[in-house]
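This report examines one protein chain, from its overall make-up to a few local features. Please consult the sequence and the structure while reading.

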Amino acid sequence: MKQKRTLSSFLSSKRILEIKDAESLAEKHRYDFTYSKLVVLLGGVFIALFLFSLFLAKTLLVSLFDPAYENQQLVLRLSTLSTAVDSLEKAALDKDIYIQNIQDIIDGKVDETGVQSKEGTAATIQSSSNNLMEISAADSSFRNEFTKVESANSVEKQISENVFFFPPINGVISKEFNIVERHFGTDLVAKANEPIKSVADGTVILSSWTQDSGYVIGVQHKNEIISFYKHNSTLLKKVGERVRAGDIIAIIGNSGELTDGPHLHFEIWYKGSPANPANFIAFD
């Protein structure tokens with residue numbers, strides 16, 4: 001009686017696959033296998049194809065055929081662009097306020113602490129900044145919470161620790177720094193056509209003409225220190241140019257309405273506060 005074969009014996013029985021030449025019937029290749037090995041191999045191939053198809057469906061194909069994915073990407077890009085625009089807007093606002101502060105320093109529209117006092121100067125820039133500038137002396141405690149007001153001694157100490165200054169010109173002091181009289185710099189008289197030099201390394205941030213100060217040039221130094229040179233006859237550097245200490249940047253003059261003769265009006269500012277240049281520079 002023929003023995004009944006089980007599934008286990010069927011899968012484990014060895015098989016031979018021979019590949020012969022069609023003409024000579026000579027054996028070319030011979031493979032030994034079982035159905036169990038064949039099932040495992042086909043299962044592995046199927047799983048690999050399934051995983052590969054799933055990967056494509058979640059990456060490449062979804063971007064081509066899934067509208068929801070495209071909408072999500074558009075929302076993400078819009079969110080990123082919105083954040084970037086907000087950052088650029090804030091940076092532009094800060095720059096406008098910074099430039100306006102420098103212009104007010106040049107025009108003398110600042111109080112003894114270096115905080116702007118002209119009503120409405122930054123009203124078109126930022127209402128909160130305008131509110132801070134219009135706070136009265138009775139509200140000084142509230143203003144001090146938002147504005148760092150440094151004493152003259154503290155300012156001078158921090159400046160002397162950060163920068164070594166060159167004399168801007170060889171001249172005689174005709175009017176000294178006086179914060180009470182709102183004279184925020186030192187006036188120096190020198191001979192005609194005397195070259196004016198940068199007092200330290202820095203970048204030119206202002207090179208223009210103003211009605212009060214005439215031809216003015218300003219240099220931004222490290223550690224938030226700015227030097228201004230006013231009433232020049234000629235400006236030799238442009239905005240954005242790098243200068244070294246001792247580089248000639250202008251020629252002494254008598255330009256502008258707030259002058260009574262050829263001289264240099266020289267100012268040093270640290271974090272928005274004026275400092276006495278004579279405390280850092282030995283003028284001849």
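A residue is called buried when its relative accessible area is under 20%, exposed when the value is over 50%, and partly exposed in between. The model discussed here is predicted.

## A buried threonine at the end of a strand

T210 belongs to strand β6, which covers residues 202–210. Its relative accessible area is 6%, and T210 is therefore buried, since the cut-off for that class is under 20%. The side chain of T210 reaches the backbone nitrogen of S213, at a distance of 3.1 Å.

## Overall make-up

The chain contains 7 helices and 13 strands. It has 284 residues, of which 31% count as buried. The accessible surface of the chain amounts to about 18200 Å², and carbon and sulfur atoms contribute 58% of that area.

Among the contacts in the chain with a separation of 6 or more, 56% are between residues 24 or more positions apart.

## An aromatic pair

The structure holds 3 aromatic pairs. One of them joins F165 and F280: the ring centres are 5.9 Å apart and the planes stand at 50 degrees, so the pair is tilted. The reasoning rests on the angle, because planes under 30 degrees apart would count as stacked and those over 60 as edge-to-face.

Where in the chain do F165 and F280 lie? F165 is in the loop between α7 (152–162) and β3 (172–175), whereas F280 is in the segment after β13 (273–275). The pair therefore ties together parts that are 115 residues apart in sequence.

N223 lies in the loop between β7 (214–221) and β8 (225–232). Although N223 is not a glycine, its phi is positive, near 60 degrees. E224 is located in the loop between β7 and β8 as well, and it too has a positive phi, about 60 degrees, without being a glycine.

Are these two residues buried, exposed or partly exposed? N223 has a relative accessibility of 38% and counts as partly exposed. E224, at 49%, is also partly exposed, because the exposed class requires a value over 50%.

Notes:
Residues numbered from 1 in each chain as written. Predicted model: local features only at pLDDT ≥ 70, side-chain atom pairs only at ≥ 80, totals over all residues. Heavy atoms only, no water. Phe/Tyr/Trp six-rings, centres within 6.5 Å; stacked < 30°, edge-to-face > 60°. Helix = DSSP H or I, 4+ residues; strand = E, 2+ residues; numbered from the N terminus. Buried < 20%, exposed > 50% of the residue type's maximum accessible area, 1.4 Å probe, protein only. Contact = heavy atoms within 4.5 Å. Areas by Shrake-Rupley, 256 points an atom, 1.4 Å probe, with all protein chains shown as cover. Polar contact = N/O pair within 3.5 Å; in protein donor to acceptor, adjacent residues only side chain to side chain.
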